[in-house]
2 protein chains.
Amino acid sequence: MSESDSWYIERFELSGSAIGFRVNRKLHEEQSTFQKIEIYETTDWGNLMALDGCIMLTGRDNFLYHEMMSHPVLFTHSNPKRVVVIGGGDCGTLREVLRHREVESAVQVEIDERVTRVSEQFFPELCESNDDPRAQLLFDDGIAYMRNAAAESIDVVIVDSTDPVGPAEGLFNESFYQSCLRALRPGGILVQQSESPLAQVSLIRQMRQLMRQVGFSAVRTLPFPQPAYPTGWWSCTMARKGADLSGFRERGAHSKPFPTRYYSADIHRAALVLPEFVREALGD
Amino acid sequence: MSESDSWYIERFELSGSAIGFRVNRKLHEEQSTFQKIEIYETTDWGNLMALDGCIMLTGRDNFLYHEMMSHPVLFTHSNPKRVVVIGGGDCGTLREVLRHREVESAVQVEIDERVTRVSEQFFPELCESNDDPRAQLLFDDGIAYMRNAAAESIDVVIVDSTDPVGPAEGLFNESFYQSCLRALRPGGILVQQSESPLAQVSLIRQMRQLMRQVGFSAVRTLPFPQPAYPTGWWSCTMARKGADLSGFRERGAHSKPFPTRYYSADIHRAALVLPEFVREALGD
């Protein structure tokens with residue numbers, strides 16, 4: 001390593017582990033109403049966004065997260081027409097959701113409009129579907145949005161948030177899960193980013209317990225790689241209203257009319273397999 | 001993060017990405033004939049070993065790597081009796097190999113005896129099978145060992161080495177693969193750690209081309225999570241002599257008489273699925 005190299009390193013207190021990327025320069029920095037937003041140009045990973053010092057995405061590896069936050073849940077639901085994304089301000093999840101033709105409406109509820117505006121500038125590829133007539137971008141509190149949503153009006157809720165501290169804390173509790181359950185139609189599915197299976201398995205266990213406690217019928221956790229997040233290994237957890245989570249529309253996934261870079265029907269099936277220690281820790 | 005925290009950060013030039021862990025203190029440092037060996041006590045990940053500034057393992061996450069370097073290959077071979085581990089000085093792979101009752105002989109050929117001696121002190125759990133009468137620990141050049149091995153004398157060769165620069169460079173070329181092919185019995189399998197599927201897919205492609213070029217009949221790459229290595233996502237690549245790699249002994253894996261923390265028959269099957277972009281890059 002050359003001593004003159006610059007690196008952006010995130011030291012993640014909770015897991016005692018750090019992740020970082022070599023950078024050429026800082027492209028942008030601002031303090032929004034909610035958080036400090038920084039954009040760096042990396043040497044090998046495209047642009048990088050950090051919120052309050054936590055790396056949110058790089059141009060090169062975000063496809064892993066965005067595909068796994070959207071396609072498994074949408075190919076599990078039998079006919080996902082109305083989708084709500086809570087958070088997701090970089091618009092990458094929204095873009096993947098809109099690839100599904102069955103989706104008639106996709107509402108993104110991001111609390112910080114600046115995250116989306118900055119993404120439009122530095123990650124234009126993620127925002128390329130923002131003008132889709134089925135998309136609606138709201139800049140509002142996702143917790144309140146779900147609390148006020150009409151009962152049984154939504155097929156899929158995707159919680160694409162930061163870690164469960166600060167602004168996102170209220171997205172990981174009983175009251176929020178109750179709102180989601182009420183707003184989902186029968187057979188509807190909530191999917192939420194659920195941190196690292198290795199470093200935070202106790203958080204995943206707690207999320208799943210709360211989801212079951214409020215009345216979801218089934219829960220399922222899918223691990224996937226994500227180099228930009230602590231430990232490089234991440235997960236999403238699904239909870240379903242009034243139906244199980246044992247299968248998915250394999251034929252639909254096999255013949256999907258859009259390209260993906262990580263997701264496939266086979267990868268979906270593989271992601272449903274939990275490593276032994278995770279299975280044991282979650283009591284699956 | 002407290003400003004007084006200490007972190008051991010590996011900045012990996014090749015991928016432009018960094019990995020690190022919070023540490024309490026350095027437990028050991030020495031310059032062996034081959035490399036600088038450092039041991040740190042981390043706050044959350046047990047002890048950590050670094051060789052020439054590259055993190056080799058932590059006490060908490062090495063099971064991922066060691067299990068995936070040993071059990072998939074041993075449950076793919078129909079009757080693995082003679083196993084050779086090239087490198088693997090921390091003895092974690094050897095321990096996993098010896099869990100298989102069919103294995104009659106496991107020879108570990110590590111070039112740097114100090115790595116093993118230091119592991120005995122700081123990772124005693126990995127070395128607990130070193131006294132197994134089936135185990136033989138040699139401290140020698142693995143390239144020469146394979147060159148001089150009797151033809152058709154080995155069932156499985158496991159290359160558990162550092163990155164393909166410096167001492168390990170000669171483990172990634174045509175001449176080494178030729179030696180392995182010659183030394184393997186028909187149906188024998190070479191498995192080698194093959195770096196990050198995201199950051200170094202071109203290296204994996206090159207390895208596979210060389211393996212095929214020297215005469216291996218089939219190659220297969222299995223990805224797995226590994227937080228202590230750059231990008232947190234790693235892989236091993238198998239090459240087989242005179243037989244295909246389409247299946248494995250699923251029944252044997254299901255009923256294995258020893259515990260594992262990551263590996264299972266289901267995880268094995270899942271690891272055989274390549275993400276779309278890897279499949280395309282490798283022409284699979």
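Two strands pair if DSSP finds at least two bridges between them; strands (E, at least two residues) and helices (H or I, at least four) are DSSP runs, numbered from the N terminus. Keep that in mind for this tour of a predicted model, where local features need pLDDT of at least 70, side-chain atom pairs count only at pLDDT 80 or more, and totals for chains, interfaces and linings use all residues. Residues are numbered from 1 along each chain as its sequence is written, and chains are lettered from A and ligands numbered from 1 in the order in which they are written.

**Stop one: the paired strands.** Select residues 17-31 of chain B, which form β2(B), together with β2(A). These strands run antiparallel and are joined by 5 bridges. Now pick I19(A): opposite stands I19(B).

**Stop two: where the chains touch.** Chain A and chain B each give 36 residues to the contact (C-beta atoms, placed from the backbone, within 7 Å). On the side of chain A, colour β1 (6-12), β2 (17-31), α8 (265-271) and α9 (276-282), the elements that give two or more residues. The largest share, 6 residues, belongs to β2(A).

**Stop three: two helices.** Move to α5 (174-183) and α6 (201-214) of chain A, whose axes are 9 Å apart and meet at an angle of about 50 degrees (axes are lines fitted to C-alpha atoms over the stretch in contact, and angles run from 0 to 180 degrees between N-to-C directions). Show the side chains of E174(A), Y177(A), Q178(A) and L181(A) on α5(A), then L210(A), M211(A), Q213(A) and V214(A) on α6(A): these residues make the contact.

Note on methods:
Contact = placed C-beta atoms within 7 Å.
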